[in-house]
Each structure stands twice: as C-alpha cells, then as structure tokens.
Amino acid sequence: MTDRRETDERSELDTAERLSSAPTQEQTDAVGIGFVGWLRWGWRQLTSMRVALILLFLLSLAAVPGSLVPQTSASPTKVADWKAAHKFLVPAFDKLGMFHVYSSFWFSAIYLLLFISLVGCIVPRTWQFVGVLRAQPPAAPRHLVRLPVYATWRTSADANAVLTASHALLRKRRFRVSATQADAVSSEKGYLREVGNLLFHISLVAMLIAFAFTKMAGGMGTVLVVEGNAFSNNVTQYDDFSPSTFYTANSLDPFGFKLDNFEATYQTSGDQLGTARTFAAHVSYWTGSNAGTLTKGTIEVNHPLQIGSSNVYLTAHGYAPVIQVTDAQGKVIFNGPTPCLPQDANITSLCAIKVSDGYKDKTGKSTQLGFAGIFAPTAELSTTLGPHSVFPAADNPGLFITGYSGDLGNNSGAPQSVYSLDLAHMTQLKVDGQIWKAQLHPGQGFKLPSGGAVTFTGFKQWANFTVAHNPGTTAALVSSVLAILGLIGSLFVQRRRIWVRAVAGPDRVTTIELAGLARSESSRIAEELADVALALQDTAPADAQPADENSTDESTAEASDNLTSTSLPKER
C-alpha cells in the first residue's frame with residue numbers, strides 16, 4: 001500500500017513538472033526491433049532538435065566556399081581566371097561543384113535534410129502543444145511542500161473565499177486557471193515560450209522555402225552603361241545573365257533606362273583621403289514600350305531603383321576615355337568611349353582599345369589596331385610605380401598607351417575579355433626600333449607609325465548595374481523578423497505554474513499552501529509566488545496562531561509558521 005502511494009505521489013509530481021510540449025524521452029526511445037524499427041529510430045533522430053541544429057550549422061558551414069571561390073552564376077570571367085591560376089585544384093573542384101556551390105548535390109542534400117528535419121520536428125510539437133492548450137492545468141500535487149518554491153500560513157478566512165480570491169487573482173495576472181479540485185486552484189502561465197519556440201522553427205522553414213523559391217523563380221543580370229548611353233531590359237543587352245527554372249529571357253520586365261550622368265564625391269583631406277562619400281547614378285527610365293515617357297530616378301549604393309518587379313542596383317563604376325583614331329588618309333575610323341577596368345582605390349585602370357575594321361595604313365593595307373595601357377584620373381608618373389593615379393576623382397586625367405597591329409582575333413569564335421588584348425597574332429608598333437608609346441591628356445593626339453593618329457578627346461564615367469528579380473526576398477525578410485521574435489520569446493518567457501490550496505481544519509482555521517514550479521532556474525517564480533501570497537493577505541491575512549505540532553499534517557510540519565518561501569526553483 002505504501003509503495004502504491006509513493007508511486008501515485010511520484011506520478012503527481014511528474015505531471016506537475018511536465019512544462020514542455022516536446023516528445024518525452026520514453027516516447028523517443030520506444031523504438032521497435034528490426035528494419036522498421038531502425039527506420040523509425042532514424043526518422044526520430046533526423047527530426048530531433050539536436051540533429052536540426054547540427055544541420056543548420058552544416059548549412060552555414062557549406063555556404064563558406066561560395067564566398068571564397070568565384071561562382072559561375074555571379075562571374076564566369078572570375079571563374080575562368082581562378083581556374084587559370086589554380087589548375088591543380090580545378091579537377092577536384094569541378095567534381096565537388098565548388099564553382100556552383102548553392103546548386104551542388106551536397107549543398108542541396110544538407111538543405112533538403114534540414115527542411116525535412118525542421119518539418120518533422122515542428123509537426124508533432126505543434127499537435128502536442130495544441131493538446132496542452134486544450135487541457136486544463138494539472139491538478140495540485142498531494143504534498144505541495146515538496147515543490148521547489150513553497151509558502152504556507154494559517155488564517156481565519158473561509159477556505160472557499162480564499163479559493164475564489166485566488167482564482168480571481170491568478171486570472172488577473174493572466175494565468176490559465178482551473179478549479180477542478182475542491183480544495184485547490186491550479187494555474188499556468190508562459191505559453192508564449194513554446195509559441196516562440198514553434199514560431200522560430202516555423203519561420204526557419206518559411207525562410208528555407210523563400211530562399212528556394214527565390215532561387216527557382218528569380219534571376220539577375222549585369223550590364224555596364226556609359227554616360228549618355230541607354231539600356232533596354234533585353235537578354236541580348238546584358239553582359240551576364242543568370243536565369244532560373246521559372247525565370248527566363250521571356251520573363252523580363254519591359255523597361256529601360258538611360259544613364260544621364262554619374263556623380264561621385266571623395267574625401268579631399270585627412271586620414272581618409274580619397275574615400276568615397278557619394279556614388280549616385282542619375283537615370284531616366286521608361287516602362288513598357290513607351291520610351292517617350294521618361295521618369296527621373298537616382299540609383300545609389302544600397303538604394304536600388306525598383307521598376308516593376310525588378311530592382312536595379314549600382315555595383316561598380318569607373319572611367320571610359322574617349323578615343324578618336326584616324327587612318328593615314330585622315331578618315332575617322334574609331335571615335336567613342338572605351339570602359340577601363342579599375343585596379344585600385346584611386347581607380348588606376350587598365351584599358352584595351354580595339355579598332356577592328358576600316359583602318360588602312362599609309363600603304364593602303366587594311367589592318368586591325370589594338371591599344372593597351374593605363375588611364376589615371378589624377379595622373380602621376382613614378383620611377384617605381386610607373387603611371388598611376390593618386391586620387392580617384394578626375395583632377396588630372398592621363399592616358400598612357402602602347403599600340404599593336406595585326407589580327408585581334410575577334411572572328412576566331414573564342415570568347416574574349418573587353419579589358420585585354422589577344423596578342424597571339426598582333427605585332428607591337430615601333431618607331432626607329434623603339435616601342436611606340438604615347439602619354440596623352442584630354443585634347444592631345446599622337447601620330448601612329450603607320451601614318452594615322454590617335455587622339456584622347458576626353459572621358460566619360462561608366463556605371464555597372466545589376467538587375468535582379470528576387471520574388472522571395474520579402475517573405476525571407478518577414479520570416480527572419482518572426483524567427484528573431486520567436487527566439488526572443490523562447491529565451492525570455494518562462495513557463496511556470498502556481499497552485500493554491502486552502503483546507504479548513506477542525507478548529508475552523510484555514511491552512512493555505514502556495515507552491516510554484518518553473519522550467520528553468522530563476523528567482524522570478526519565487527518573486528511571483530511572493531507577490532501572489534502578499535496579494536492574498538487582503539482576503540486571507542495570516543492572523544491565526546500555528547496549530548499544535550502533533551495535529552499538523554506532514555506538509556504543514558515541514559513548512560514555516562509564517563509566510564515563507566522555502567527555496568528558489570531547482571531543476572529536478
């Protein structure tokens with residue numbers, strides 16, 4: 001009989017201490033034997049919170065190579081340059097998908113497993129939490145004195161009046177209250193902790209879905225536009241275009257824009273000399289096929305221009321010297337800006353000027369010309385650095401070039417960079433056996449050995465734009481905010497329970513017991529219990545003398561005579 005009583009008491013305490021809607025250890029370990037049992041065990045391991053956290057860590061770790069190794073979707077040119085510089089690693093990296101990390105088999109496997117793990121973790125917890133919400137707070141254990149936080153006193157107030165006041169007081173403090181026992185009131189609070197926990201994990205799932213949707217239904221392209229030139233949102237006008245499964249060339253928004261001018265300002269003194277202060281591309285854009293109706297807009301770094309469902313980002317800028325080339329007969333063969341590639345913070349830039357057709361030397365022979373060199377917006381010559389720029393603004397622009405003649409290789413079918421020359425079939429220009437070189441400033445020209453001339457007429461600025469269609473970014477942002485709110489709730493909201501028992505004795509004196517239980521060690525439950533006990537003093541003051549020690553039950557004997565709190569919460 002004693003063993004059964006102890007078992008019942010232990011069951012009551014276990015029920016009281018059950019403050020989580022997560023599956024119990026007994027449920028998790030109850031795995032059958034055999035193939036089905038192993039499958040069930042594997043599923044429960046995969047859907048456990050521990051494995052979900054491990055997979056989340058692995059996913060963040062797997063994303064690191066995508067930041068360190070150039071990606072084909074972002075810049076095929078950088079990938080080609082990286083492969084040329086690391087030929088030994090290329091075979092292994094190709095097999096591992098290092099140049100397209102986010103679509104590789106191993107990254108997709110981690111992504112999918114994390115998704116399954118989170119869903120498998122959330123669904124049972126959600127149903128169990130719904131069951132907890134529908135259930136009443138657990139009944140008061142037989143011996144409240146055994147709980148971590150406890151208080152008791154004796155009063156002349158009526159027991160039913162004490163229970164009624166306790167019920168109202170706890171409801172006022174936003175506890176869920178149950179009075180299923182004749183001599184006790186049960187209450188519970190802090191459900192937002194589990195709500196926050198579920199919200200955090202559901203938001204993670206929503207974030208994964210949003211990222212996957214963006215990957216499948218989004219796309220982007222990059223284009224370089226020189227001042228005064230226009231761009232139409234057509235796949236043929238992009239320098240690089242990255243489609244996706246559901247976003248193709250036919251999905252592009254009908255719009256275009258013209259780069260009216262580019263504005264850049266820099267720090268002119270102090271320790272941050274040359275640091276960029278403002279980058280702004282002033283454009284005129286149109287939508288649909290109506291290019292006659294223009295709208296002014298400004299695109300700045302981190303402040304894109306939204307046109308339709310596309311965002312236009314400013315990603316880079318530089319200079320494009322305007323070169324005029326005439327042949328031996330004085331005919332203008334080439335006249336226009338050539339974008340140069342910046343090499344440092346002061347925009348010292350590499351240039352490759354290609355004159356493909358129409359040039360004839362003094363003998364009447366047709367040939368192609370190429371000029372390679374450096375453009376410096378604030379030019380300075382140095383014996384160690386050579387021609388370079390000392391400031392990013394165009395305070396003293398200079399162009400330093402040398403020339404080549406022959407076959408540029410434009411018709412070979414092989415891809416070429418616009419920022420370099422293919423010299424395989426070119427011969428360097430020379431004068432009296434010396435390499436032909438020209439140092440030019442705006443308005444200056446220089447004669448070519450073959451009879452023509454090259455003139456540096458001025459310069460323009462160029463801007464590089466990324467046009468992106470990312471339909472899932474808003475959902476990802478909302479999910480991120482909700483995940484943070486859920487995490488805050490799960491960390492700072494405490495699940496706690498308070499029981500109040502009022503029993504009238506033979507001497508018509510009511511013995512009041514209060515006990516509290518929290519899931520984590522904190523003084524908050526003790527403080528809250530003390531507040532409840534003090535609030536009850538208006539209805540049930542501690543105005544009765546302690547009962548004779550021999551007539552008290554086990555609970556009252558272990559408690560103090562006056563209002564006390566025996567200890568802070570402890571983990572059992």
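**View 1. The side chain of Q71 meets the backbone of V101.** A polar atom of the Q71 side chain lies 2.8 Å from the backbone nitrogen of V101. Another backbone atom to look for is the oxygen of V69, 2.9 Å from a polar atom of the Q71 side chain. This is a predicted model, where local features need pLDDT of at least 70, side-chain atom pairs count only at pLDDT 80 or more, and totals for chains, interfaces and linings use all residues. Residues are numbered from 1 along each chain as its sequence is written, and side-chain values use heavy atoms, leaving out hydrogens and water.

View 2. You will find Q71 in the loop between α5 (64–68) and α6 (76–85); helices here are DSSP runs of H or I, at least four residues, numbered from the N terminus. Q71 is buried, with a relative accessible area of 8% (buried means under 20%, with a 1.4 Å probe and protein chains only). Leaving aside residues up to four places away in sequence, Q71 touches P65, G66, P76, V79, M98, F99, H100, V101 and Y102 (contact means heavy atoms within 4.5 Å).

**View 3. Helices α10 and α11 packed together.** Helix α10 (residues 192–217) and helix α11 (residues 473–492) pack with axes 7 Å apart, at an angle of about 160°. That makes α10 roughly antiparallel to α11 (angles over 145 degrees count as such).

**View 4. Residues between α10 and α11.** Among the residues of α10 that meet α11 are L199, F200 and M207, while those of α11 include L482, A483 and L487. By class, this contact of α10 with α11 has 13 nonpolar, ten polar and one charged residues.

Notes. Axes are lines fitted to C-alpha atoms, for helices over the stretch in contact, and angles run from 0 to 180 degrees between N-to-C directions. Helices (H or I, at least four residues) and strands (E, at least two) are DSSP runs, numbered from the N terminus. Angles under 35 degrees count as roughly parallel, over 145 as roughly antiparallel, 65 to 115 as roughly perpendicular and the rest as oblique. Ala, Val, Leu, Ile, Met, Phe, Trp, Tyr, Cys and Pro count as nonpolar, Asp, Glu, Lys and Arg as charged, and the others, Gly among them, as polar. Buried means under 20% relative accessible area, exposed over 50%, partly exposed in between (1.4 Å probe, protein chains only). A polar contact is a pair of N or O atoms within 3.5 Å; within protein, one must be able to donate a hydrogen and the other to accept it, and residues adjacent in sequence count only if both atoms are side-chain atoms.
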